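Please look over the sequence and the model first, and then follow the notes topic by topic.

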Amino acid sequence: MILASGTGSLASALLDAVEDDEYPATVAAVVSDRECPALKAAERRGVPTTVVPMTDDRAEWDRALADTVAGHHPDLVVSAGFMKILGADFLARFGGRIINAHPALLPSFPGAHAVPAALAHGVKVTGSTIHLVDEGVDTGPILAQAPVAVNPADDEITLHERIKMVERVLLVAVVRSIAVKGVVIEGRKAYIP
Ligand code: GRF
């Protein structure tokens, strides 16, 4: 199942991929903290959606989110542009089964401003990372990465769009591999065998 709160282009790439009968996974639901295009993309395809709005009590929200996700019995939770940090209760219930797409080559440029941070630093190559989610911000074991060259004329929008083109392909490939082979976690490291 997918967690998303943004424009939903990564979620849409997965939703498109699972429409192929040969793809070894399905999307049980798309869950968000707000109304957003990712939910519309799911609705158009007949995939169940739920909004769990953020509340003043973050721990309570985290439990409500975990309860909603648990109701769909997912093998894997895919955070695809989900703009909230998952809390302790959620991680306790789904730890090791949550992956996140991040628009930089971790451990460089973690956090919500990865693309402008990479531009400001003047790196010549950035990219996308798919990693397992742990209690930190973009600190979980890395599963896959793909590079994207930074052009001198890039701004945040052009660079992020090129990164997202790579992310869509990478995410679909990683979910396919996990569905077939699973994930091996060895301490701080993880890999798809
Ligand atoms: C992606 O760049 C992802 O890495 C980041 O949020 C973006 C989501 O894009 N976490 P979209 O909303 O799916 O288009």
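**Helix α2 and its surroundings**

The buried residues of α2 pack against α1, β2 (30-32) and β3 (49-51); here two residues are in contact if their C-beta atoms, placed from the backbone, lie within 7 Å, and helices (H or I, at least four residues) and strands (E, at least two) are DSSP runs numbered from the N terminus. The model is a predicted one, in which local features need pLDDT of at least 70 and side-chain atom pairs count only at pLDDT 80 or more, while totals for chains, interfaces and linings use all residues. Residues are numbered from 1 along each chain as its sequence is written.

- In α2 (residues 37-44), the buried residues are Ala38, Leu39, Ala41 and Ala42, where buried means that 20 or more other C-beta atoms lie within 10 Å of the residue's own, exposed means 12 or fewer, and partly exposed is in between, with C-beta atoms placed from the backbone.
- These four residues lie on the same side of α2 because they cover an arc of only 155 degrees around the axis, the arc being that of the directions from the helix axis to the C-beta atoms.
- Glu43 and Arg44, on the other side of α2, are exposed.
- Gly46 follows α2 and has a positive phi, near 75 degrees.

**Two domains**

- The protein is divided into domain 1 (1-94) and domain 2 (102-128 + 146-193), with bounds that come from an automatic or database domain assignment.
- The centres of the two domains, taken over C-alpha atoms, are separated by 20 Å, and the contact takes 11 residues from domain 1 and 10 residues from domain 2.
- On the side of domain 1 that touches domain 2, helix α1 (residues 9-17) gives the most, with five residues.
- That side of domain 1 has 10 nonpolar, one polar and no charged residues, where Ala, Val, Leu, Ile, Met, Phe, Trp, Tyr, Cys and Pro count as nonpolar, Asp, Glu, Lys and Arg as charged, and the others, Gly among them, as polar.

**Around the ligand**

- There are 14 residues around the ligand, of which Gly6, Ser9, Leu10, Gly81 and Pro103 come nearest; a residue is near a molecule or strand if its C-beta atom, placed from the backbone, lies within 6 Å of it.
- Two or more residues of this shell come from each of α1, β5 (98-102) and α6 (156-181).
- By class, the shell holds six nonpolar, six polar and two charged residues.
- Because domain 1 and domain 2 both give residues to the shell, the ligand lies between them.

**Nonpolar cores**

- The largest nonpolar core has 38 residues, and those with the most contacts inside it include Ile2, Leu14 and Leu171; such a core is a set of buried Ala, Val, Leu, Ile, Met, Phe, Trp, Tyr and Cys residues joined through C-beta atoms within 7 Å.
- A second, separate core of 10 residues includes Ala104, Phe109, Val115 and Val148.

**Backbone details in loops**

- A cis peptide bond, with omega about 10 degrees, joins Leu106 and Pro107, and Pro107 is placed in the loop between β5 and α5 (114-121).
- His73, in the loop between α3 and β4, has a positive phi near 50 degrees although it is a residue other than glycine.
- Asp138, in the loop between β6 (125-132) and β7 (142-149), is not a glycine but has a positive phi of about 60 degrees.
- His73 is exposed, with 8 other C-beta atoms within 10 Å, whereas Asp138 counts as buried, with 20 C-beta neighbours inside 10 Å.
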